[in-house]
Structure formats: C-alpha cells, structure tokens
Amino acid sequence: MTLLPKSRKARMRLLLLSIIAPVVTLAAGLALWGMRDSISFFYTPSQAAEAKPEPGQAIQLGGLVAMGSVVKHTDGRVEFTVQDNLAADRVVYQGDLPDLFREGQGIVAEGAYQSDGVFKATRVLAKHDEKYMPKEIAEALKEQGEWRGEAAPPPAYGATVNAPAKSTGGPT
C-alpha cells in the first residue's frame with residue numbers, strides 16, 4: 001500500500017505543492033528576518049518601566065507632555081517629560097517640533113532609551129486632540145483611567161480639577 005494517490009494528476013499536484021510550500025516558507029522567513037531591526041514596540045511610560053527595554057532598542061514612547069516640563073535650548077535641543085497616569089520619562093529631542101506640540105498634548109516619540117535612562121527621540125509626532133490620537137495611546141489611556149472622552153480637554157497635570165478647557169500657557 002502506498003501513500004501517494006493513484007491518479008497521475010493528483011500526484012503532480014502533490015509534487016508541485018511539496019516544492020512550492022518550502023520555497024514560500026523560506027521567502028516569508030527571510031522577509032521577516034530582514035525586517036527585524038525595523039520593528040518598533042509601543043510603550044507608555046509605565047509600560048516601559050515594566051518592560052525595561054534595552055538601551056538603544058528602537059521603541060515608540062507615547063503619552064501626554066507634562067505641564068511645565070518643556071525646556072528649549074538655544075542649540076535646537078528640546079527636553080520635556082512624557083507621562084501617563086502612573087509614570088513619567090524625560091525625553092530629549094534635537095530638531096523642530098511639530099506645530100501641534102504643546103504641554104498637555106498627546107504625543108508619540110520614536111527613539112531609544114540611553115544608558116542613563118533618558119529617552120532620546122529621533123522623531124516626535126503630535127496630534128490635534130484625543131479625537132485624532134493614535135489608537136494605541138487612546139487605548140492605553142483608557143486602560144489607566146486617564147481617558148477624558150472625545151469632547152474633553154487633555155488633563156492638566158498639576159492643575160486644579162476644574163481647570164478651564166483652554167489654557168493661556170500659565171498655571172491655572
């Protein structure tokens with residue numbers, strides 16, 4: 001008794017499948033192996049504290065820019081703090097920030113942690129408001145109880161609970 005089908009047509013299909021399947025598997029494996037350095041994980045500051053990514057590992061850090069934390073230097077370097085409800089991380093960025101970047105705003109910073117624990121960003125992305133916030137940040141903020149809804153202003157950390165919707169930039 002043989003395991004091969006009796007039909008010549010069926011044996012040819014089986015032979016063709018046994019040749020094509022390993023080739024496609026090898027091609028997919030090579031493609032994934034080639035893209036391994038371009039994979040970037042997304043973390044909020046509290047998730048990054050738990051995961052402890054290696055210094056130099058490319059990640060995306062998302063959260064809200066802490067009120068009063070933005071420091072602009074004359075050489076074009078900007079330092080600010082990104083926070084969620086549980087943790088905060090210092091971010092250093094060299095270059096021009098997006099027009100929509102401001103304190104209390106949701107952002108995503110792409111870059112890596114340095115050995116001293118400071119996050120060095122290579123790119124900063126800012127969104128108009130929570131309605132247009134990246135899905136990952138919105139879900140993370142909802143899980144932590146920080147989400148204020150689509151019509152509510154971003155939370156003003158350090159401000160009073162009844163802070164006005166539009167801030168003049170100073171403390172409330």
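Is Arg-77 buried, partly exposed or exposed? Select Arg-77 and keep the question in mind: at 26% relative accessibility, Arg-77 counts as partly exposed, because that class covers values between 20% and 50%. We will come back to this residue later in the tour.

**The whole chain**

Zoom out first. What you have open is a predicted model, so colour it by pLDDT before anything else. The mean pLDDT of the protein is 80, with 77% of its residues at 70 or more. Among the helices and strands, strand β5 (residues 88-94) has the highest confidence, at a mean of 94, and helix α3 (residues 135-143) has the lowest, at 75. Now select residues 155-172, where the pLDDT is below 50; beyond near neighbours in sequence, this stretch makes 18 contacts in the model. Where pLDDT is low, predicted coordinates should not be read in detail.

Switch to cartoon view. You can find three helices and seven strands, following the order α-β-α-β-β-β-β-β-β-α along the sequence. Of the 172 residues, 31% are buried. Take contacts between residues at least 6 apart in sequence: 47% of them join residues at least 24 apart. With a surface drawn, the accessible area comes to about 11,500 Å², and carbon and sulfur atoms account for 58% of it.

**Stop one: helix α1**

Select Met-12, Leu-15, Leu-16, Ile-19, Ile-20, Val-23 and Val-24. Together they make a nonpolar surface patch of about 660 Å². Val-24 belongs to helix α1, which spans residues 8-34.

**Stop two: strand β6 and its partners**

Next, select residues 106-113, strand β6. Eight of its eight residues are buried, so the strand is largely enclosed by the rest of the structure. On one pairing, β6 runs antiparallel to strand β2 (residues 59-65), joined by six bridges; look for Leu-64 opposite Gly-106. On another, seven bridges join β6 to strand β7 (residues 119-126), again antiparallel, and here Ala-109 stands opposite Val-124.

Follow the chain from β6 into β7 and you trace a hairpin with five residues between the strands.

Now show the side chains of Arg-123 and Glu-110. They form a salt bridge, with their closest N and O atoms 3.8 Å apart. Arg-123 lies in β7 and Glu-110 in β6, so the pair ties together parts that are 13 residues apart in sequence. Arg-123 is partly exposed, at 45% relative accessibility.

**Stop three: Val-65**

Step back to β2 and pick Val-65. Val-65 is buried, with a relative accessible area of 0%. Leaving out residues up to four places away in sequence, Val-65 touches several others, including Val-70, Phe-80, Phe-101, Arg-102 and Ile-107. Thr-81 is also one of its contacts; the C-alpha atoms of Val-65 and Thr-81 are 5.7 Å apart, although 16 residues separate them along the chain.

**Last stop: back to Arg-77**

The structure holds four salt bridges. Arg-77 makes one with Asp-75, the closest N and O atoms lying 3.8 Å apart. Asp-75, at 46% relative accessibility, is partly exposed.

Arg-90 is partly exposed at 27%, whereas Glu-79 counts as buried at 18%.

Finally, display Asp-75, Arg-77, Glu-79 and Arg-90 together: salt bridges that share partners join them into one network.

Methods: Residues numbered from 1 in each chain as written. Heavy atoms only, no water. pLDDT = per-residue confidence, 0-100. Helix = DSSP H or I, 4+ residues; strand = E, 2+ residues; numbered from the N terminus. Contact = heavy atoms within 4.5 Å. Patch = residues over 30% accessible without salt bridge, like charges linked within 9 Å, V, L, I, M, F, W, Y side chains within 5 Å. Areas by Shrake-Rupley, 256 points an atom, 1.4 Å probe, with all protein chains shown as cover. Buried < 20%, exposed > 50% of the residue type's maximum accessible area, 1.4 Å probe, protein only. Pairing = 2+ DSSP bridges.
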